[in-house]
Amino acid sequence: MTRVFVFTNHKGGVGKSTSATNTALGIAGMLRRAGAPNARVLLIDTDSQAHATLVTTGTKDYGADDSLYTVLMADRQNAAQTLLNCIVQSTWDADLHVLPASPMLEGAERELMGIAGAPYRLADPLSRIINRYAAVVIDTRPSFSLMTEMGLIAATDAIVPVEPRYLETVGLMSVIGKINDIREGWRQPNLRVSGILVTKMNTRIRGHNHLLDELKGHSVLGKLLLGVVPANEAVSYAHQNHQSIFNYDPKASASKAYAQFVGKLVQRIAKGGA
Amino acid sequence: MPPKNQTHRIDDLLGSVTEELLMGNPQQFEDNSIRVERLLLEMVRPDPVQPRRVLPEQLHFAFHSNRLTPTQALKELVQLVQVAARQRGRPFNNVLELLPNPDDESDEDSSVHLSPEEQLLHDLVNLAITIRDDGQVNPLTVVDVSQGVTQQFRIETGERRYWATWLLRDFIAGYNSDGMIPCIIIPTERSSVFRQAKENTARSGLSAIAMARQAALLLLTVHGYQIPENAVPNDFYRQALDIDLRGKREYTEAILSAMGGVKKGYFSYIKNLLRLSDEAMELADRHNLDERRLRPVVALAPEYHAEVVRQIIDLNLTAKQVKELCEGDLHEREDDEQEKIPASALKIAKAAQTTTAAAPQDIARALIKQEGDTSLARARLQALRKLLTDVERYLVDE
């Protein structure tokens with residue numbers, strides 16, 4: 001079964017798009033190096049800001065005919081074919097394919113509100129083409145909107161990026177609770193909270209270290225901790241240049257941390273279990 | 001600021017983590033097994049060079065040049081059959097009407113002779129109903145030919161099931177599936193023209209023309225010809241007429257085995273069918289004529305091929321009758337050739353047109369000069385006079 005990793009947190013600026021894009025590229029790169037026959041990874045951008053789309057394809061000029069919006073608005077029968085038609089190749093890597101977001105997604109939520117089966121409009125067509133990919137990575141918007149719900153319903157593994165700050169770690173349990181609600185409420189037994197990724201970690205800030213220690217010591221959250229990505233200016237420069245962190249500065253501490261994190265996900269893909 | 005675009009260093013970084021991953025089980029990611037998956041119908045396409053064609057030629061080319069979608073191609077086929085059926089006095093509106101009515105106990109339908117297109121649609125509808133009622137038991141065999149973001153699978157075997165599923169999806173009520181089709185995915189490196197040939201020849205009902213195309217594909221492949229990705233005219237296959245098994249002895253056994261274990265002589269006969277004209281080939285393929293009935297036709301001039309094939313179909317001629325028909329035709333042509341007027345006779349006839357152009361004394365001098373003797377010249381003239389008398393008699397007879 002193809003793993004679908006969704007990066008979600010209702011708090012903005014925690015590094016969802018950065019993590020989703022670099023993870024998607026990292027998985028494709030590592031699978032290829034490991035000799036996997038299929039190293040293709042699909043990145044789905046469900047955020048109307050389209051930041052993940054912009055950095056991975058070099059443009060965010062996608063609209064009614066060639067984006068996730070098109071897929072959501074398609075007839076059920078044609079949705080899978082529409083999805084295939086809307087996928088573009090990333091400028092980062094030939095094996096990284098992107099389903100671009102569009103500012104029109106903002107309106108899509110209103111248009112789909114009240115339509116029966118609306119939350120499945122991504123999961124349904126995706127399930128019909130998913131076996132063509134080794135993994136799927138979904139970037140979500142910073143809210144628990146219909147679009148985020150769609151991403152979660154389509155996913156198998158939820159990963160929660162979080163900054164090591166007090167209020168954010170306090171909200172972590174509520175994020176996990178929300179994901180579990182979707183798992184139970186929408187009867188998605190395949191969806192689970194797979195990990196927590198601490199981002200923008202600054203070891204020189206005592207509060208960051210303290211909170212990370214607390215997280216590690218927590219009976220539930222500690223077991224979910226998958227990686228710690230240090231705060232690193234290479235990340236913002238990479239964005240500015242529309243490059244991955246691996247490509248922009250492979251020696252940066254953030255690059256190494258992301259590589260280790262991706263390694264753990266790839267191991268899960270290979271094992272096919274938790 | 002660090003230097004940009006360090007693509008070699010990204011390899012180092014991801015490579016080092018990958019090495020850690022592979023420690024203990026280096027093959028854990030490698031998987032070259034044959035997989036069975038359910039694929040979206042739209043991601044699957046028939047092989048344009050598949051010798052065994054399902055659609056009539058015109059639709060085959062229109063579909064493979066992307067002028068028709070699968071649904072449009074089927075719509076055209078249905079319309080084609082509707083016209084043919086109406087002309088034969090059995091019009092229908094719904095494709096399901098092509099199937100016999102289970103409540104009708106009369107055996108009226110069993111004696112009806114269907115046209116090839118009617119038979120094709122009838123078979124596809126039958127297959128579609130089986131798939132609807134019992135599911136698709138036998139998966140298609142496909143090869144992954146995806147390029148970039150274009151995900152596509154080329155059918156190696158099972159094109160009829162592909163068309164039946166489209167028919168079921170778009171033309172028959174009661175389709176509840178999700179637009180997916182079960183397929184055995186063959187790794188690209190395992191796909192080969194030999195494998196396809198074996199699959200084709202293992203099934204009954206492969207027409208002699210399809211066998212001829214199959215033989216051509218095998219020969220062209222082993223001789224290093226590039227097999228195109230799109231539909232090809234018969235001239236492509238006819239290139240095989242210039243090559244033979246002797247050119248690649250090491251492949252002879254494999255080719256004959258892929259062709260269903262045929263003998264060299266029969267292979268040669270099969271390949272020879274490529275000499276038929278385009279129209280004759282299409283007719284023979286549609287009506288599934290066997291090689292023995294087509295063999296004598298090849299010896300005729302190409303302009304007669306279609307006509308003779310049509311007669312074979314219309315009169316349901318046996319191989320013996322076809323042979324007699326073609327040999328008779330050949331003899332007639334030989335007789336025609338025998339009736340040709342010799343050049344010497346034409347010369348004399350031409351000379352008759354110019355009798356006023358020369359004076360008698362000049363002709364006498366020319367005769368003496370040619371024969372060297374007056375008595376001999378006289379003898380020539382007498383012979384000529386006798387000849388002219390005989391000619392005149394024939395003119396009267398004519």
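Two strands pair if DSSP finds at least two bridges between them. Helices (H or I, at least four residues) and strands (E, at least two) are DSSP runs, numbered from the N terminus. The model is predicted: local features need pLDDT of at least 70 and side-chain atom pairs count only at pLDDT 80 or more, while totals for chains, interfaces and linings use all residues. Residues are numbered from 1 along each chain as its sequence is written, and chains are lettered from A and ligands numbered from 1 in the order in which they are written.

**Exercise 1.** Describe the sheet of chain A and the pairing of β1 with β6.

*Solution.* Step 1: the strand order in chain A is β3-β4-β2-β5-β1-β6-β7-β8, an open sheet of eight strands with mixed pairing. Step 2: β3 (88-89) and β8 (225-230) of chain A are the edge strands, each pairing on one side only. Step 3: β1 (residues 3-7) and β6 (residues 157-162) of chain A are parallel and share three bridges. Within this pair, Phe5(A) is opposite Asp157(A) of β6(A).

**Exercise 2.** State which strands the helix α13 of chain A touches and at what angle to β8(A) α13 runs.

*Solution.* Step 1: two residues are in contact if their C-beta atoms, placed from the backbone, lie within 7 Å. Step 2: α13 (residues 253-271) of chain A packs on the sheet and touches β1, β5, β7 (192-201) and β8 of chain A. Step 3: angles run from 0 to 180 degrees between N-to-C directions, and axes are lines fitted to C-alpha atoms, for helices over the stretch in contact. The direction of α13(A) makes about 160° with that of β8(A).

**Exercise 3.** Determine whether Cys86(A) is buried or exposed, and list its contacts.

*Solution.* Step 1: Cys86(A) belongs to helix α4 (residues 76-86) of chain A. Step 2: a residue is buried if 20 or more other C-beta atoms lie within 10 Å of its own, exposed if 12 or fewer, and partly exposed in between, with C-beta atoms placed from the backbone. Step 3: Cys86(A) is buried because 21 other C-beta atoms lie within 10 Å. Step 4: leaving aside residues up to four places away in sequence, Cys86(A) touches Asp66(A), Ser67(A), Thr70(A), Val71(A) and Leu99(A).

**Exercise 4.** Characterise the interface between chains A and B.

*Solution.* Step 1: 40 residues of chain A contact 32 residues of chain B. Step 2: on the side of chain A that touches chain B, α13(A) provides the largest share, eight residues.
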